[in-house]
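Welcome! Take a look at it first, and then read on.

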2 protein chains.
Amino acid sequence: MVGAGQLARMTHQAAIDYDVELSVLASSADDPAVLSGATFTIGDVDVFADLAGAAAMGDVVTFDHELVPAHHIRLLEQGGHVVRPSGGALRFAQDKLYARRSVAAFDRPAVAVPAFAPASSAEDVAAFAERHGWPVVLKARGGGYDGRGVHVLAHPEDARRLLGGGGGTEAAWVVEEHLDLAAELAVLVARRPSGEMATYPPVGTLQVDGMCRELTMPARLPAAVADEAVRLAESVVERIDAHGVCAVELFVTADGRLLLNELALRPHNSGHATIEASVTSQFHQHLRAVLDWPLGPTTLYSPAATVNLVGGPGRMDLARRLPRALDVPGAHVHLYAKSPRPGRKIGHVTALADTLDDALDAARAAASLLTGE
Amino acid sequence: MVGAGQLARMTHQAAIDYDVELSVLASSADDPAVLSGATFTIGDVDVFADLAGAAAMGDVVTFDHELVPAHHIRLLEQGGHVVRPSGGALRFAQDKLYARRSVAAFDRPAVAVPAFAPASSAEDVAAFAERHGWPVVLKARGGGYDGRGVHVLAHPEDARRLLGGGGGTEAAWVVEEHLDLAAELAVLVARRPSGEMATYPPVGTLQVDGMCRELTMPARLPAAVADEAVRLAESVVERIDAHGVCAVELFVTADGRLLLNELALRPHNSGHATIEASVTSQFHQHLRAVLDWPLGPTTLYSPAATVNLVGGPGRMDLARRLPRALDVPGAHVHLYAKSPRPGRKIGHVTALADTLDDALDAARAAASLLTGE
């Protein structure tokens, strides 16, 4: 697994059940998956030799994040490594312009995406806004995560402040219409090389500052919308020929349309409640999918809510606070062994209950005891 | 944690959630918990320096098995180490004669135990059998597990064959009446130093050759018997002042009596279904109990069954067989990374279902695909 963050850490926990040795390519010996005891090499994903060295340790190469040079992934594939998801599929998570253009061209079924255009200058942004109105959303074409690289621009001046004068020759940005949203969803789909797919019920995500803070599973949606979301997600995952777990993030607009937001080709924050609430956790499922093993049932045992723990400006002593949070009955706390820098996801709490409201109350109560917010 | 077997392996998986570093005292680098990535030292539990070295790595010393010299545990405690469970409580799992005598003396409430006597010779056994009838059960006073050290003797000759002529000066055995059993149960009780206890619903255990092979959670029992089993288990755990998870194994006789069988002062095979079926797994619970943190709810999400995977005479290629077993919907497979020697527990499968019968069917199907039996 390329990367050794919390997704690799939780994949390692699942791998122990199957006696599968997860080797991770870590950036340091303090990475969450290294601290959880995964086999590791330390290296830089941008250095091909480091990536190739890590790839040589396993039968299948997979990913904890998609910030890996596409060229290096192609080289691994050309060198005979089994890479799942493939570089071709990963590009849908690495290059937002490529993803928008490709998905907009899908038909049978067509997949709706927000109006978009490539942008390399403030003028490009302004030209787009003249057609679609302000505000617009400007996204870095690659490299963003957790809201980094995404900006809502209300005026031409915002675009100039961000992009400066002039412009590059290549579009480094995608500018998109700003939608009036009723909800944001994620649909986790696992797909294995045999073609078998297994899809979890849609998850409702609440974003704060572009970062996912709270999740409800299943999402609060009319059944027809949930069904449509599942169909849409499955059709996208098939079209891009993804292997492994894939998170298909969707917008539900105020006027009831369903549009594709982004794709993540790996286990995903939106699926953390599957650890306790689903027959098969997304981490077990990802292993099964990339190893081309039979996928597990995605049935929910119970409604569930997850609240992310995010570093704040002050000091946080999670170890000291943990016992208090465990006093909330049924709060499942997952700490990632990351130092709590502001805006950084350092853990999550999941709670199961008969209703989403009760689950959310319990998860919020434990989370706030942990972070002191 | 002293010992690095499958219980330590699964405790390590749970410890990752809490960002607790589990250090294990392993006998080799191939031990299950070492292979899962727990921090480890290699040593011999019978060598005090090895035990003390491992103890120095943690804030609290706890156990994956009870085959640790009682004298060494006392020395650790005298040296100021926090040992949970204490050596005094552990003795109830280490010395069957001490346990029988102590528990037989409990009152308010009294706890029934089988008729028993110390035995150091075939004559002692025969004398006991004259009062209680053949067959009798002969148990090594210490050191037994998974049926090792337990013998059912039908005739005086069986006793002579096993014990030879003459006898020691000290009783190395406990001889007990052979009960006509309706069922065997285990009740898992967690208790923390604050005195808080949390008890799981009784588990039904099916023994084959003295080794637990199948478990149903909850046990198939009239509610009144289940309640009595819980009360009995809790009273024993309080009386012996145990800390951590404690498995109280009980006999239900054909004539409806409930008697104490054995105690294990650690997470236990009978509790493996708690990983998936309970709000709090026994491994999370053990950590919480020995760290004196609030205990978690022991509510079941669903009826569940566990089937142990036991090594047989032939070769077993679990890795090759695993994908086939995962084809059984909802089978949760746990492999321990142990070489499959005959009679050795090498993994388990848990399945959840609306009925125990369905859960058992699924767990059996997956287990038999794994072991080829």
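**A first look**

In chain A, 4 strands make up an open sheet, ordered E5-E8-E6-E7, with antiparallel pairing. Its edges are strand E5 (116-119) and strand E7 (150-153) of chain A, each of which pairs on one side only. Please keep in mind that this is a predicted model. The points below look at this sheet, at a pair of helices in chain B and at one residue from each chain.

**The sheet in chain A**

- On average, neighbouring strands of this sheet are turned by 25° against each other, direction ignored.
- Helix H6 (residues 96-104) of chain A packs on the sheet, where it touches E5, strand E6 (136-140) and E8 of chain A. The direction of H6 makes about 50° with that of E8(A).
- E5(A) and strand E8 (residues 173-177) of chain A run antiparallel and are joined by 4 bridges.
- To see this pairing at the level of residues, look for Ala119(A), whose bridge partner in E8(A) is Trp173(A).

**Two packed helices in chain B**

- Helix H4 (residues 70-78) and helix H5 (residues 87-94) of chain B pack with their axes 10 Å apart, at an angle of about 165°. Because angles over 145 degrees count as roughly antiparallel, H4(B) is roughly antiparallel to H5(B).
- The crossing in which H4(B) passes H5(B) is right-handed.
- From H4(B), the residues Ala70(B), Ile73(B), Arg74(B) and Glu77(B) take part, and they meet Gly87(B), Leu90(B), Arg91(B) and Gln94(B) of H5(B).
- The residues of this contact between H4(B) and H5(B) comprise 3 nonpolar, 2 polar and 3 charged.

**Leu67 in chain A**

- You will find Leu67(A) in the loop between strand E3 (60-61) and helix H4 (70-78) of chain A.
- Leu67(A) counts as partly exposed because it has 16 C-beta neighbours inside 10 Å.
- Setting aside neighbours within four places in sequence, Leu67(A) is in contact with Val45(A) and Gly143(A).
- Pro156(A) is 89 residues from Leu67(A) in sequence, and their C-alpha atoms are 30 Å apart in space.

**Glu373 in chain B**

- Glu373(B) sits in the segment after helix H13 (356-371) of chain B.
- Since 12 other C-beta atoms lie within 10 Å, Glu373(B) is exposed.
- Apart from neighbours within four places in sequence, Glu373(B) is in contact with Gly312(B) and Ser368(B).
- Glu373(B) and Gly312(B) are separated by 61 residues in sequence and, C-alpha to C-alpha, by 8.7 Å in space.

Note on methods
Residues numbered from 1 in each chain as written. Chains lettered and ligands numbered in written order. Predicted model: local features only at pLDDT ≥ 70, side-chain atom pairs only at ≥ 80, totals over all residues. Pairing = 2+ DSSP bridges. Axes fitted to C-alpha atoms, helices over the stretch in contact; angles between N-to-C directions. Contact = placed C-beta atoms within 7 Å. Buried ≥ 20, exposed ≤ 12 C-beta atoms within 10 Å, placed from the backbone. Parallel < 35°, antiparallel > 145°, perpendicular 65-115°, else oblique. Left-handed = near helix turned anticlockwise from the far one by under 90°. Nonpolar A, V, L, I, M, F, W, Y, C, P; charged D, E, K, R; others polar.
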